[in-house]
Amino acid sequence: MPLSSPHLLGLQGVPREDIQLILDTSTTFREVLERPIKKVPTLQGKTIVNLFYENSTRTRLSFELAQKRLSADTINFSTASSSTKKGETFKDTVRNIEAMKVDMIIVRHESAGVPAYLTKISKANIINAGDGRHEHPTQALLDMYSIREKLGKIEGLKVCIVGDITHSRVALSNIYGLISMGAQVSVCGPSTMIPKDIEKLGVKVYNSIDKAISEHDVLNVLRIQIERKANSTFPTLREYHNYFGITAERLEKHNKEILILHPGPINRGVELSSEVADGPYQIILNQVTNGVAIRMAVLYLLGTRP
Amino acid sequence: MKILLKGLNLLDPEQKLDKKADLLINDGIIEKIGNIKSSEVEENNIFDFNDMVCVPGLFDMHVHLREPGREDEETVVTGCNGAAAGGFTGIACMPNTNPAADSAEVIKLIKEKASNHLVDVYPVGAVSVDRKGEALAPIAELYEAGAVAFSDDGVAVKTAALLRNALEYAGMYNAPIIEHCEDESLADGAMNESLVSTQLGLPSIPTVAEDITVSRDILMAEYLNKAVHIAHISSKRSIELVREAKARGVKVTAEVTPHHFTLTDDNLKTYDTNYKMNPPLRGKADLEAVIEGLKDGTIDCIASDHAPHSIEEKEMEFIYAPNGILGLESQLGLTLSELVNKNHITLSDLVYKLSINPRRILNINVPSIKEGEKANLTIFDPHNIWTVNVSAFKSKSKNSPFDKRLLTGKPVAVINKGKMFYENELKSI
C-alpha cells in the first residue's frame with residue numbers, strides 16, 4: 001500500500017493508515033541505523049534538493065543523513081534571505097532547481113503555505129520541513145515514533161504539548177497526528193501563547209503546568225524562542241521557568257512516571273531544568289536518532305511511490 | 001451629435017423615476033425621455049438597449065491608481081478604462097502613491113491625466129505629510145487643487161491628536177476624513193484571526209484591531225461634530241458601532257467592499273495570495289453582519305478598494321505578498337449577483353450604494369436622469385450570466401480572486417462628458 005499523497009505537506013487530513021505505514025517503515029530503517037554499514041541502495045539515482053530558507057541545523061542534518069543512508073544524490077540550497085530582499089524570486093529559484101531535473105524537494109520556509117505553493121510550481125515530491133508556524137510533519141512523526149517505541153502504543157495516551165503553541169510548527173502537526181492515532185491531546189502554556197480557537201481542534205487547554213503534569217502520560221515540551229520576549233508574550237525567562245518550566249521538583253511532587261520529549265535545541269533552565277533535560281524520563285536523544293529513521297521512511301515511501 | 005437609446009428601464013430613485021422609456025441625448029445632454037421615434041436620429045446612432053437597466057452613473061469612492069510611482073501596475077488612464085468597463089463614470093482615488101498625494105502637484109497631475117477621460121476622477125489627499133502620521137499635510141492647498149476628502153489610507157491616522165486636527169481642518173471645507181481603521185499594534189498579520197489562521201499557521205489580525213480604531217474615530221467625530229467615513233468596514237462589531245453612532249446622530253458613514261460581502265477567511269485555505277487583502281477576509285458572522293448593515297443602511301455604500309499589484313509581487317510567499325485585489329471590473333457583477341439577485345437589496349438600493357451615497361459623502365453633485373441634465377449614465381444587463389476573465393480586464397494588473405467566477409449581471413455601457421464606452425470602445429457622442 002503506497003502513501004495516499006505524493007507529498008508530505010502536513011499531517012492535517014493524513015489518513016491513519018499512512019501514519020501507521022510511515023511509523024512501521026521507520027522501524028525497518030531504525031534497524032539499518034544500528035548496522036556497521038548504515039547504507040542501503042534504495043534511492044540510488046534519485047536527486048533530492050534541500051531547500052532551506054531559514055536557519056536550521058538539526059532538521060537539515062537529519063534529512064541529509066537520511067538521504068545519504070538511502071544512497072540518493074543530494075544538493076543543498078540554504079539561504080537566510082527572503083525574496084522580499086533584492087534578488088531572485090522564490091518562484092525563479094524553484095524553476096531553476098526544477099530545470100536541473102530533481103525528484104524531491106525538502107523545504108523549510110518562514111512563510112506558512114510555501115510547501116503547498118511548491119506543489120503548484122514543481123513536479124517533484126514535496127516534503128515540508130517546517131513552514132512558518134504551520135506544520136512540521138516529520139518532527140511530529142518522529143515524536144510519535146519515539147512515544148510508541150518507549151510506551152508501546154499511542155492510542156489512548158494522554159499527551160500534552162507545552163510551550164508557545166501560537167508560534168510553533170511542531171504543535172499543530174503533533175495535534176493532527178496524535179489525534180489521528182487515537183491519543184488525547186492537550187496544550188499547556190501562558191494564554192498569550194495559545195492560538196485562537198485551538199479547542200475546536202479537539203484539544204484541551206491548560207494554564208497550569210502542575211495540572212498538566214498530573215493529568216498526562218507524555219509531555220512534549222517546546223523550545224521557548226528567547227527572541228520572542230520582544231513581543232511580550234511572557235514577562236521574563238525567569239518567570240516562564242518558574243511557572244511553566246519542567247523541573248525535577250515538579251515531577252517529584254506528582255511522583256509519577258512521565259515521558260518527556262523535546263524537539264530541540266533545549267534552552268536549559270527555561271522550559272526544562274538541566275536535571276530534567278538529562279534525567280530518566282526524557283528521550284531527547286532517542287528522538288534525534290529516530291528522526292533519521294522517520295525521514296528515511298518518508299523519503300523511501302514517497303521516492304518509490306508508483 | 002444626437003444619439004437615441006431605445007427600450008431602457010430607467011431607474012433614478014431620487015427622481016422617483018422607474019419606467020421603461022427611450023432616451024435622446026444631444027451633445028451630452030439628456031434632451032428627451034419617453035417614446036421617441038427613430039426617425040429623429042441617424043441610424044448609426046440608435047442603440048437598442050431593450051430591457052437593460054439605466055441608472056445615474058456609478059461611482060467608486062475607493063480606488064488605488066498607482067500613478068505617480070507604480071505606473072507598471074496601473075496608471076490614471078488604465079484605471080479609468082477599468083472603471084468605464086466596470087460601469088463607473090466616477091471614482092475617488094487614494095493618496096498612497098509615490099510620492100503620496102500630499103502636495104497640490106500630485107493632485108493636479110492626477111486631475112490632468114484624467115481630464116480627457118469619460119470617467120471623472122476625484123483625488124483624495126493625504127492627511128499627513130508622506131502619510132507618516134506626523135505633520136499635517138497642506139489640506140487647504142490640496143482641497144483647492146481638487147482633493148475631495150483626506151485619508152492616510154493603507155493605515156489609520158496615527159494618533160488621536162492628529163485625527164482631531166485633520167477633522168477640524170478638513171471640516172472647514174466640509175471634506176470628510178476617510179479612515180482605514182486598524183490599530184497598528186494589533187495589525188501585524190497576514191489574515192483574519194480565527195480557527196482558520198490557527199490551522200494555516202499564518203500570523204493574524206483580530207477584528208478588534210478594526211473595532212478599536214472605529215471606536216476612536218466615532219468618538220472623535222462625535223466630539224467635534226465633524227464627518228468621518230469608515231473605509232472598507234469588515235467586522236461585525238465595527239458595524240454595530242457605526243449603527244449605534246448613527247442613531248446618536250454622529251456624522252459617520254461607511255463603505256464595504258464586494259469581497260467582504262462575498263468571501264470569508266475560509267477562502268484562504270489554498271494559500272492563494274489573491275485572497276490576501278487588508279482588512280482581511282473575515283468570518284461568516286462578519287459577512288452576515290455586512291449584509292445586514294447594507295440592508296438597514298448602516299453601511300452607506302459599496303466601494304471596491306481596487307488595489308492593483310504586479311504578478312511578480314503577488315506570486316510571492318504568502319507572508320511577503322502585498323495586500324489587495326482588483327475590484328473595478330467585478331464590482332457591479334458581484335453586487336448584482338450577491339446582493340440584488342439574492343434579494344438582500346433592491347436595484348434602487350444599488351443605485352444609492354453605488355451612485356448616490358458615495359457622491360453625497362464626498363459632496364459631489366449627484367447626476368440625475370432628467371431632461372436638460374448632463375447625461376451621466378450607467379447601463380447594465382441585470383440578467384446576463386457571464387464568466388469573469390481577468391486577462392480581458394482593462395486594468396493593467398491581474399490580481400483578482402474572482403477570475404473564472406460566474407456572475408449574473410453585467411455592465412453594458414457608460415455615458416459621461418459627451419463620451420460613451422460601449423462594446424469595448426470609447427467614443428465621443
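Two residues are in contact if their C-beta atoms, placed from the backbone, lie within 7 Å. Keep that in mind for the views below. This is a predicted model, in which local features need pLDDT of at least 70, side-chain atom pairs count only at pLDDT 80 or more, and totals for chains, interfaces and linings use all residues. Residues are numbered from 1 along each chain as its sequence is written, while chains are lettered from A and ligands numbered from 1 in the order in which they are written.

**View 1. Helix 1 of chain A meets helix 11 of chain A.** Helices (H or I, at least four residues) and strands (E, at least two) are DSSP runs, numbered from the N terminus. Look for helix 1 at residues 16–32 of chain A and helix 11 at residues 284–303 of chain A; their axes come within 8 Å and cross at roughly 115°. Axes here are lines fitted to C-alpha atoms, for helices over the stretch in contact, and angles run from 0 to 180 degrees between N-to-C directions. On the helix 1 side you can find L21(A), I22(A), T25(A), S26(A), F29(A) and R30(A). Their partners in helix 11 include N290(A), A293(A), I294(A) and Y300(A). The residues of this contact divide into 10 nonpolar, three polar and one charged. In this sorting, Ala, Val, Leu, Ile, Met, Phe, Trp, Tyr, Cys and Pro count as nonpolar, Asp, Glu, Lys and Arg as charged, and the others, Gly among them, as polar.

**View 2. Chain A touches chain B.** Here 26 residues of chain A are in contact with 17 residues of chain B. On the chain A side, the elements that give two or more residues are helix 3 (90–99), helix 4 (114–121) and helix 6 (169–180). Helix 4 of chain A supplies the largest share, three residues. By class, this side of chain A has eight nonpolar, 10 polar and eight charged residues.

**View 3. Domain 1 of chain B touches domain 2 of chain B.** Domain 1 covers 2–54 + 371–428 of chain B, and domain 2 covers 57–361; such bounds come from an automatic or database domain assignment. Taken over C-alpha atoms, the centres of the two domains are 27 Å apart. In this view, 31 residues of domain 1 are in contact with 44 residues of domain 2. Strand 17 of chain B (406–416) is one of the elements on the domain 1 side, and strand 17 gives the most there, with seven residues.
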